Amino acid sequence: MVWSTDEFRVGGIARPGFPLLVGRDGALITPAFRFLVHHCLHRGRARSARTWASYGYAFQSFFGRLEISGRRWDETPQIGIPSVLADYRTWANGQQGHVDATVNARLDILVTFYRFAHRHGWISKLPFDFEEHLVTRKSELLAHAVATPAKKQVADVKFRTSRPMVKLLSSSQAKLFLSALSNKTHQLMATLQLATGIRAEELVSLPASYVVDPATRPDVKHMFPVILNPRDMRTKGSIARTIHVPRKIMAMLWAYKALDRNVRTKSTAHPSTCLFLTEEGVAFDRKTVWRIYAIAAKRNAFHVNPHMLRHTYATHTLAALARSKNIGNALLYVRNRLGHASVRTTERYLHYIEDVADSVMNDYQSELTTMLEAGNA
């Protein structure tokens with residue numbers, strides 16, 4: 001797999017970072033290319049380069065297995081012989097060691113590809129059947145809602161899995177983690193994630209221009225609404241959303257921008273417009289944030305990654321709001337802050353509210369800011 005440059009254009013528009021799958025003979029694998037162009041560039045729901053990469057890696061893995069096994073993607077399935085998708089599933093899970101959830105995610109992409117191929121007459125028969133599963137759908141938005149069974153069509157080549165447990169930090173663990181971050185910039189980055197639920201890719205691309213001096217805004221008493229605009233930064237699916245930054249944390253961000261960041265911009269001739277900069281004056285990347293958190297967390301003998309900070313924000317905030325608001329309103333608030341497409345995704349945090357300590361929202365936010373204030377004094 002190779003990644004396109006600005007020279008790769010579709011409809012006259014440059015599409016850098018697009019996955020291009022090439023076979024051993026050096027030729028472009030046309031079926032995969034045609035599907036990816038349609039699914040990622042024609043449709044309006046897969047605009048993110050990270051989404052393109054996920055599709056690309058799924059195809060690279062699958063067609064790589066086909067080359068190893070000597071099978072064709074478009075071979076006609078036969079009864080008594082595992083299909084090419086079943087063969088890929090077993091290989092990816094066994095020899096490649098991918099967990100069931102990862103294999104299923106890639107199978108979802110490949111199932112969509114095969115349905116596309118079948119719809120356009122590239123193949124005469126799908127290499128899988130659909131099984132009808134009963135799922136319980138219950139909306140927590142209304143207290144009187146009754147759970148009702150619904151039918152869902154699932155490709156029979158997929159593994160049966162349960163929803164993974166969400167991993168989050170207690171207030172005390174969050175405090176220990178922050179104290180383990182000796183670098184003030186790293187500590188402030190983690191604090192912003194814990195206080196807003198911002199994603200790692202959004203954190204590292206957040207523009208410095210989004211930070212304002214709270215002293216100039218006496219009208220804002222508690223939370224500063226900050227619009228994450230995909231024109232200025234990276235957001236999932238290139239969709240804008242609003243996060244709420246606590247006033248005390250906005251003040252810390254302003255102080256960082258005026259002092260530490262200002263010094264770091266002088267380290268390079270072309271300083272980044274991003275808020276958080278390394279000592280060399282360049283923006284962080286997602287992998288660096290993961291590595292920073294992992295190293296700091298080892299000091300407290302528990303694991304931490306950017307996803308956990310997002311889950312922690314969601315669960316603690318939902319638990320606090322559930323005390324003072326209708327649970328439906330609480331879910332909608334947290335959904336909008338996290339940028340979930342569906343409130344059903346947010347509902348999973350309801351299962352973890354009981355695990356959160358009694359004094360949550362105010363204590364959670366105040367612990368973050370109090371500790372930072374003490375460290376910066």
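A residue counts as exposed when its relative accessible area is over 50%. With a relative accessible area of 72%, Ala301 is therefore exposed. This and the other features described here come from a predicted model.

Most residues other than glycine have a negative phi. Ala301, although not a glycine, has a positive phi of about 60°, and its place is the loop between helix H9 (286-298) and helix H10 (306-324). Ser238, likewise not a glycine, has a positive phi of about 55°. Ser238 sits in the loop that joins strand E7 (223-228) to strand E8 (241-246), and with a relative accessible area of 29% it is partly exposed.

Around Phe177, leaving aside residues up to four places away in sequence, the contacts are Ala190, Tyr293, Ala296, Ala297, Asn300, Phe302, Val304 and Leu309.

Helix H1 (residues 30-42) and helix H4 (residues 100-119) pack at an angle of about 100°, and their axes are 11 Å apart. Since angles of 65 to 115 degrees count as roughly perpendicular, H1 is roughly perpendicular to H4. The H1 side of this contact is made up of Pro31, Ala32, Phe35, His38 and His39, which meet Ile109, Thr112, Phe113 and Phe116 of H4. Sorted by class, the contact includes six nonpolar and three polar residues, with no charged ones.

H4 also takes part in the surroundings of helix H3 (residues 84-94), whose buried residues pack against helix H2 (49-69) as well as H4. Of the 11 residues of H3, eight are buried, so this helix is largely enclosed by the rest of the structure. The buried residues are Val84, Leu85, Ala86, Asp87, Tyr88, Arg89, Trp91 and Ala92. Asp87 and Arg89, both of which count as charged, are thus among the buried residues of H3.

Key
Residues are numbered from 1 along each chain as its sequence is written. This is a predicted model: local features need pLDDT of at least 70, side-chain atom pairs count only at pLDDT 80 or more; totals for chains, interfaces and linings use all residues. Side-chain values use heavy atoms; hydrogens and water are left out. Axes are lines fitted to C-alpha atoms, for helices over the stretch in contact, and angles run from 0 to 180 degrees between N-to-C directions. Helices (H or I, at least four residues) and strands (E, at least two) are DSSP runs, numbered from the N terminus. Angles under 35 degrees count as roughly parallel, over 145 as roughly antiparallel, 65 to 115 as roughly perpendicular and the rest as oblique. Contact means heavy atoms within 4.5 Å. Buried means under 20% relative accessible area, exposed over 50%, partly exposed in between (1.4 Å probe, protein chains only).
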